[in-house]
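Subject: Structure handover

Hello,

Here is the structure for you to open alongside this note. My findings follow below it.

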Amino acid sequence: MKFERSAGILLHPTSLPSKYGIGDLGYDAYKFVDFLEKAGQKLWQVFPLGPTGYGDSPYQCFSAFAGNPLLISPDKLIDDGLLSQDECLPIPEHNPIQIDYGEVIDYKKKVLKSAYSNFKKKLNEYQSEFLEFCNEHKDWLEDFALFMAAKDYHGGIVWKDWDKELVHRYENALKLWKEKLSDEINYQKFVQFIFFKQWSELKNYTNSKGIKIIGDMPIFIAYDSADLWANKNLFTVDEDGKLLTVAGVPPDYFSPTGQLWGNPLYRWKEMEKDDFLWWRKRFSNLFKLVDIVRIDHFRGFEAYWEIPGDAPTAETGRWVKAPGEKLFKSILKNLGDVPILAEDLGVITPEVEQLRDMFNFPGMKILQFAFGTGMETKFLPHNFIPNCVVYTGSHDNDTTRAYFEKAKYNRNSDIYEHLQKYLNYFGDDIVYELIRLAYASVANIVIIPMQDILNLGEEARMNFPGRLGGNWTWRFTWDQISENLHLKFLGLAKLYERPPAPKKVETILTEDDN
């Protein structure tokens, strides 16, 4: 699919302002969409929308199909008559620019339980819509609802440590557990019903403003997930849940022992037997939620680093070929010419580039990685091709302001000097100049993280890879957005034709017209 010139902002909904301690799908989300429209933005990029598990990471979800209950808006539940103002009280005190996940999880669960209680009293009002949702999503919803209900029953522990008959999914045991946990299972279905309803309403509003949503698909699933528990035959675990092999990346300059991610790998030969049905369902589900899909760690579809399940580090792994070409041919054959972006960062081989280009997927360019001796010259704008997406930075790195401020005072680095010479700019607003550079480039798509839109420092960093806890907590406040900020980006969008200006139609007068 060909992408026209456009600009957008990267902001996960959790980072929106909200009086409930975490950004959600309520009024502030709609206000943000209005800001995007006024600023001439045509794209809104988000992280994965699934229910977060270990470390609150959107890249480690309990399901590759479900939505995150923490994003549900209490205000929208009040609007729908499923919650009263009193049932939202007391609202915990919170830091407006930082999420306390422990507090938020407890609060949202209390609120959602109240809403579910009210829902059961009003079942006649919602029954047909609810049943239609459950039927449409039954492929994943049945297993997910039972998984979450059983997980709650077992005190939140990992599924492999549940009662053995449930771990092995014996037919009689599943039937008994479904009866035993029937109300909790129905609660989990209700939560997903509400998430999809609220997200659909927000997406429709966003699209009505001429803005498309870019979603995110992690290549691997989490170990502690309904996907693995319900489909062990598709992943590299045994019947007891023991990991046989896991994902990661090999040792490099930055990590002498590599990165041991711990995610199960795919049994690709098994997946090929039904023409990648699980993947087709996954893509299809995500395209109901978003307009464009960004695939994280795209290189893993060409070859992946396979590590023994009991290895202490990633050093003992090996490269194994993946059937990426067969997979994407199946996706496009069954779903049509769907819009996909490829996260092709890291050590990328010619074979990975060939796979990406075979399907014309735009790759990524990160300006933070472009400057200084030994950095990636392919990220310098004069080396771009139109079919790419350019970012100032990514969620796994420091904010652009913090990154270059540190580089400025590092006597052992020429990053800042190279940047100044490249931009021919020696002033103080280096972030804006880099944003302008991205807009001016030939890249069809430019996406700027909200932290860089607001020119924020290290305090606004989203994720520190490898650090346990304290990630994914940043939020912005409306008072950080100046009255005329939208005009600055509207001006850039117009100046650099994002989107392109309409072509002028020349009118040729004839004698009859005179």
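Start with Asp56, which lies in the loop between strand 2 (43-45) and helix 2. Helices here are DSSP runs of H or I with at least four residues, strands are runs of E with at least two, and both are numbered from the N terminus. Asp56 is not a glycine, yet its phi is positive, at about 60°. In general, most residues other than glycine have a negative phi, and most peptide bonds are trans.

Some ground rules. This is a predicted model, in which local features need pLDDT of at least 70 and side-chain atom pairs count only at pLDDT 80 or more, while totals for chains, interfaces and linings use all residues. Residues are numbered from 1 along each chain as its sequence is written, and side-chain values use heavy atoms, with hydrogens and water left out.

Cis bonds

The Leu89 to Pro90 peptide bond is cis, with omega near -10°. Pro90 sits in the loop between helix 2 (74-79) and helix 3. The bond from Arg498 to Pro499 is also cis, with omega near 5°. Pro499 belongs to the segment after helix 18 (485-495).

Sheets

Strands count as paired if DSSP finds at least two bridges between them. Angles run from 0 to 180 degrees between N-to-C directions, and axes are lines fitted to C-alpha atoms, for helices over the stretch in contact. Strand 11 (residues 388-391) and strand 12 (residues 445-449) run parallel and are joined by three bridges. Tyr391 is opposite Ile447 in strand 12.

Another open sheet has four strands, in the order 5-4-7-8, with antiparallel pairing. Its edges are strand 5 (259-264) and strand 8 (318-321); each has a single partner strand, so one side of each is without a neighbour in the sheet. Here neighbouring strands are turned by 50° against each other on average, direction ignored. Two bridges pair strand 4 (residues 245-249) with strand 7 (residues 303-308) in the antiparallel sense. Thr245 has Pro308 in strand 7 as its bridge partner.

Helix 4 against helix 8

The axes of helix 4 (residues 123-136) and helix 8 come within 10 Å and cross at roughly 95°. The two helices are therefore roughly perpendicular. The classes are: under 35 degrees roughly parallel, over 145 roughly antiparallel, 65 to 115 roughly perpendicular, and the rest oblique. Contact means heavy atoms within 4.5 Å. Helix 4 brings Tyr126, Glu129, Phe130, Phe133 and Cys134; helix 8 meets them with residues including Phe190, Phe193 and Phe196. The contact divides into seven nonpolar, two polar and three charged residues. Nonpolar covers Ala, Val, Leu, Ile, Met, Phe, Trp, Tyr, Cys and Pro; charged covers Asp, Glu, Lys and Arg; the others, Gly among them, are polar.

Pocket and cavities

Both terms use a 1 Å grid over the protein atoms alone: a cavity is a set of points where a 1.4 Å probe fits but cannot get out, a pocket is an open set with protein on both sides within 12 Å along at least five of seven lines, and lining residues have an atom within 4 Å of a point. Points are joined across faces, edges and corners, and a volume is the space filled by probe spheres set on them.

The second largest pocket has a volume of about 580 Å³. Of its 23 lining residues, Phe62, Pro69, Ile105, Lys109 and Met148 are the closest to its centre. Helix 8 gives the most to this lining, with five residues. The lining has 10 nonpolar, six polar and seven charged residues.

The whole structure holds four cavities of 30 Å³ or more. The largest cavity has about 230 Å³ of space. It is lined by 22 residues, and the closest to its centre are Pro48, Ser63, Ala64, Pro218 and Arg282. Helix 11 gives the most to that lining, with four residues. By class, this lining has 15 nonpolar, four polar and three charged residues.

Best wishes
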